Amino acid sequence: MGKRCFFDITIGGEAAGRMVFQLFDADAPRTSENFRALCTGEKGPIPEHDEWQIHFKGSKFHRVIPGFMCQGGDFTVGDGTGGWSIFGDKFDDEPFTHSHSRAGLLSMANAGPNTNSSQFFITTQDAPHLNGKHVVFGKVLKGMNVLRKIEGTPTGKFDVPESDVVIANCGTLEDGEDDGVQTDDTDKYEDYPQDSEVALTDDEKLKAAEAIKGLGNEFFKNKNFSAAIEKYQKSIRYLTSLVPNDNNKQDIIKARIACCSNISICCLKINKPQDAKAATAEGLKLEGPDCKNTKLIFRHASALFELGKYGEAKEFATKARELSPEDSGPRDLLSKIAQKASNQKEKESKAYRKWLSNE
């Protein structure tokens, strides 16, 4: 067994989880040692550059390409043009023993033969065109879900993540030391279906999605709304990985809509109306223009109300009330909207009177 290292990742300032790596130090000893020491920061600063510690901590993933890889390790410049190794500016390639055969492999980024420094990338699927050009020296042992979160981060020009993806902490793990990765013993499914050790059939994915949604419901009942959101989002990932056919298409859509609606109410409970609106908007899109899902429409109206979009909120709340006239939720929300409108009108009237009195 090779040495273990870890990254604690934040995305947009929020904790995303821990990735644990196992290094192939028997096959790539220098490359592995370079990565290990960069995780600990034990080598101190770069000679004659005290401002740059030879350390991954605080550096960013500066390049993310979904369906390919996530790249980081430039702790000097931060844009892919810098970096430094424990052996100096650059060091030579070791034998290309391992191929880029699957997701979760740790490999060296370079600018051509024998130009390794501190930059690395992690594959998110197989990349055979890189074989013989980049040294694979490790793999993700735990935390593929964190890698998928990084992969799913929106990017802009030059594939730079729009939200900072930061190695907030890093280090090594001793033999037998607990890796610190939190696991849910009630959930036997990988966070992302493509990372399952054995490929799942569509029937198995559908069954998994239902079971995961059920776990979300339990978290909701216990008022653990953030955990519930994670389960509902996970259920959606399994549902969207299915290939729809005439037999299951409507079931898939119905299940996705239910998860979107559940996510929205959880987001409202923890004061995240923008996320609630995004979830209900997705659900409404799946429902289509003739949507008669009162609960979904009402939750969309509630999110709009919390965002201060009272005109739009009134439109959806009115529709919800028309569909379910006996339901007190839409009626009460319409009253709140009316009160907000009255308050705004009075505020404008006072401002106008004050302006007149100053003439």
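**Exercise 1.** In this predicted model, are Phe-7 and Phe-120 buried or exposed?

*Solution.* Check each residue against the cut-off for buried, which is under 20% relative accessible area. Phe-7 passes, and Phe-120 does too: both are buried.

**Exercise 2.** Work out which class of pair the rings of Phe-35 and Phe-120 make, and which elements the pair ties together.

*Solution.* Start with the geometry. The two ring centres sit 5.7 Å apart, and the planes meet at 90°. Angles over 60 degrees count as edge-to-face, so Phe-35 and Phe-120 are an edge-to-face pair. Next, place the residues: Phe-35 belongs to helix H1 (residues 29-40) and Phe-120 to strand S8, so the contact links parts 85 residues apart in sequence. Last, look at accessibility: Phe-35 is buried, as is Phe-120.

**Exercise 3.** Which rings do Arg-18 and Arg-30 sit over?

*Solution.* Take the arginines one at a time. Arg-18 lies over the face of Phe-6, 3.9 Å from the ring centre. For Arg-30, the charged end is over the ring of Phe-87, at 4.0 Å from its centre.

Terms used:
Residues numbered from 1 in each chain as written. Predicted model: local features only at pLDDT ≥ 70, side-chain atom pairs only at ≥ 80, totals over all residues. Heavy atoms only, no water. Buried < 20%, exposed > 50% of the residue type's maximum accessible area, 1.4 Å probe, protein only. Phe/Tyr/Trp six-rings, centres within 6.5 Å; stacked < 30°, edge-to-face > 60°. Helix = DSSP H or I, 4+ residues; strand = E, 2+ residues; numbered from the N terminus. Lys NZ or Arg CZ within 6 Å of the ring centre and 35° of its normal.
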